[in-house]
Amino acid sequence: MAFEGLAERLQETLTKIRGKGKVSEQDVKDMMREVRLALLEADVNFKVVKKFIADVKEKALGQEVMKSLTPGQQVIKVVNEELTSLMGGEQSKIAVAPKAPTVVMMVGLQGAGKTTTTAKLANHLRKKHNRNPLLVAADIYRPAAIKQLETLGKQLNMPVFSLGDQVSPIEIAKQAIAKAKEDHHDYVLIDTAGRLHIDETLMAELQGVKDIAKPDEILLVVDAMTGQDAVNVAESFNEQLDVTGVVLTKLDGDTRGGAALSVKAVTNTPIKFAGMGEKIDQLEPFHPDRMASRILGMGDVLSLIEKAQSNVDEEKARELEKKMRTMDFTFDDFLEQLDQVRNMGPLDEILGMMPGFNKAKGMKDLQVDDKQINKVEAIVRSMTKQEKKDPSLMNASRRRRIAKGSGTTIQDVNRLLKQFEDMKKMMKQMTGMTSGKGKKRGKG
Ligand code: GDP
């Protein structure tokens, strides 16, 4: 999971201040020293860190008092907001040309994931925006690239425009756009050539393609795993080509997060998408606010709900959302949710979005695999109706009975009960934090 170290350290630091009824200037200073170290260790650009710390300090000390939050929570709110703004603030969407087709040029170094991302993006545009893209194979130097795009196109049942590897990319781009107009495609996605390093020949060629294709969007694909290198690559590409957006790939890996947190601040180019795995549907629009919440352990309920909405029936998803928001959440809901979660995708990905589930103490030993989930399910199913509604009933003898009934141990039962409580607590905190002023807290 990306950001693991950073998330852990930030959350540790923030936990110390969270419950405080009074926050002194010294408290903020102490906290910010730790936040600074955490960011530097996560490979965030040092200039970016410096500015971030200064901004948070100023806002945390100068802010108005809000009734609905404790002073500690307010500081966390500021960190959350600044982290969001560091990554670009508002979500930045892919361009739409006033007159079709919208031309998107994909650029990046070899191995960053450019070809894969081109196909993922086509899939995204069709699935989420009802578009009809034409894929263009203009990477004529990497021998496998054209074949790779054609294979992906076949898998998606989408046309791929190619003229082999003997025609110049500029000519390919020109003919592809003409073809797209003829066949009424509304997007043209051009997979250009990458190199191992940035060099003049590459840039000159990309400039040539740009001149002829007049792209509405130039998306730079960078590998998040390469940290500050990714940021340097972005800077160079941007200087030469005026990139309009960045796609960060491999955010599913254990990147420390430096690239995600620095790229926008250093290059002033927004991150538009994040690659979350090798599969064709593992590309997500990048939401700075959600990413910040995820890093701070406040969960990413919105992404979770969107996933739920596209994978389970809407009625249930709405119910789930309401319950999560109002904390009217029992073990029965939990069970139902487990079933739905199974349909949604890789469990650790899903659980990572749930507030508290990812990082709260005692949860790290929760191995998220199906076997564990089956165990959890068995425990919940061994509870009585009453117990499911009100876990506080659960005394030692009940716990023993449940462990026996589910073929687990008392420790397993205890752990689950603790996790459930922690999860509810985190949900509550999160609701308090994201709702701003005066919103009624649910019972919980
Ligand atoms: P290109 O040279 O830039 O066109 O790179 P490719 O598209 O061939 O991708 C290089 C490798 O990175 C391939 O093995 C991809 O499957 C992998 N890859 C691309 N995007 C992601 C991602 O978001 N997550 C993971 N884990 N792997 C990715």
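Predicted model: local features only at pLDDT ≥ 70, side-chain atom pairs only at ≥ 80, totals over all residues.
Residues are numbered from 1 along each chain as its sequence is written.

An unreviewed UniProt entry assigns residues 270–283 the annotation "domain: SRP54-type proteins GTP-binding"; UniProt positions follow the numbering used here, feature names are shortened, and annotations may be inferred rather than shown by experiment. The span is 43% strand and 0% helix, and its end C-alpha atoms are 16 Å apart. Helices (H or I, at least four residues) and strands (E, at least two) are DSSP runs, numbered from the N terminus.

The ligand is surrounded by 17 residues, the closest being Gly113, Lys114, Thr115, Thr116 and Gly275; a residue is near a molecule or strand if its C-beta atom, placed from the backbone, lies within 6 Å of it. Helix H5 (residues 114–129) gives the most to this shell, with 3 residues. By class, the shell holds 11 polar, 4 charged and 2 nonpolar residues (Ala, Val, Leu, Ile, Met, Phe, Trp, Tyr, Cys and Pro count as nonpolar, Asp, Glu, Lys and Arg as charged, and the others, Gly among them, as polar).

The axes of helix H4 (residues 71–86) and helix H11 (residues 288–295) cross at roughly 135° and come within 8 Å. Axes are lines fitted to C-alpha atoms, for helices over the stretch in contact, with angles from 0 to 180 degrees between N-to-C directions. H4 and H11 are therefore oblique to each other, given that angles under 35 degrees count as roughly parallel, over 145 as roughly antiparallel, 65 to 115 as roughly perpendicular and the rest as oblique.
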